[in-house]
Amino acid sequence: TQSRLQFLPEFRTDFIFAFIAEELGFLGSGIVILLYVILFFLCIRLLGWTQDRFGELIIVGVMGMLLFQITVNIGMNTGILPVTGITLPFLSYGGSSIVTSLISMGLISSVARFGTKRGKGDDLMFSLN
């Protein structure tokens with residue numbers, strides 16, 4: 001009833017997690033959090049394969065940025081943290097947020113492609129090579 005009766009001020013941008021939790025329940029919220037955990041797991045796995053320091057710093061920086069945004073957004077949706085304008089990466093409606101998140105994932109993808117030490121037959125995440 002929070003989003004349908006428009007008690008949430010910006011349910012498409014800042015309060016998208018509350019909207020998902022209201023519409024899909026605990027299972028939907030758990031799936032969203034699980035997808036973020038899988039993303040972080042894959043980034044940590046890639047961190048072990050990276051051979052240069054700059055690639056490691058890119059991965060850690062992007063992970064820190066995303067972790068901060070996810071923590072603040074879910075915290076403000078649950079009422080733990082004060083309401084700010086930070087969007088939930090990859091889910092909130094907003095041009096600059098999604099562009100920044102996708103550029104960050106592109107940087108990580110570049111590190112995965114060019115900055116890793118792979119031998120013959122090694123499988124890095126889900127590579128198509």
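1. In this predicted model, the backbone oxygen of Gly 75 lies 3.1 Å from a polar atom of the Thr 78 side chain. The side chain of Thr 78 also reaches the backbone oxygen of Ile 74, at 3.0 Å.

2. Thr 78 itself is placed in helix 2. Is Thr 78 buried, exposed or partly exposed? Its relative accessible area is 48%, so Thr 78 is partly exposed, the limit for exposed being over 50%. Although 60 residues separate Thr 78 from Ala 18 in sequence, the C-alpha atoms of the two are 7.6 Å apart in space.

3. Ser 92 belongs to the loop between helix 2 and helix 3. Its relative accessibility is 8%, and Ser 92 therefore counts as buried, since buried means under 20%. The side chain of Ser 92 reaches the backbone nitrogen of Leu 88 at 2.8 Å.

4. As general background, nonpolar side chains tend to be buried together in soluble globular proteins.

5. Which residues does Ile 59 touch, not counting residues up to four places away in sequence? The contacts of Ile 59 are Cys 43, Leu 46, Leu 47, Thr 50, Ile 108 and Val 111.

Conventions. Residues are numbered from 1 along each chain as its sequence is written. This is a predicted model: local features need pLDDT of at least 70, side-chain atom pairs count only at pLDDT 80 or more; totals for chains, interfaces and linings use all residues. Side-chain values use heavy atoms; hydrogens and water are left out. Contact means heavy atoms within 4.5 Å. Helices (H or I, at least four residues) and strands (E, at least two) are DSSP runs, numbered from the N terminus. Buried means under 20% relative accessible area, exposed over 50%, partly exposed in between (1.4 Å probe, protein chains only). A polar contact is a pair of N or O atoms within 3.5 Å; within protein, one must be able to donate a hydrogen and the other to accept it, and residues adjacent in sequence count only if both atoms are side-chain atoms.
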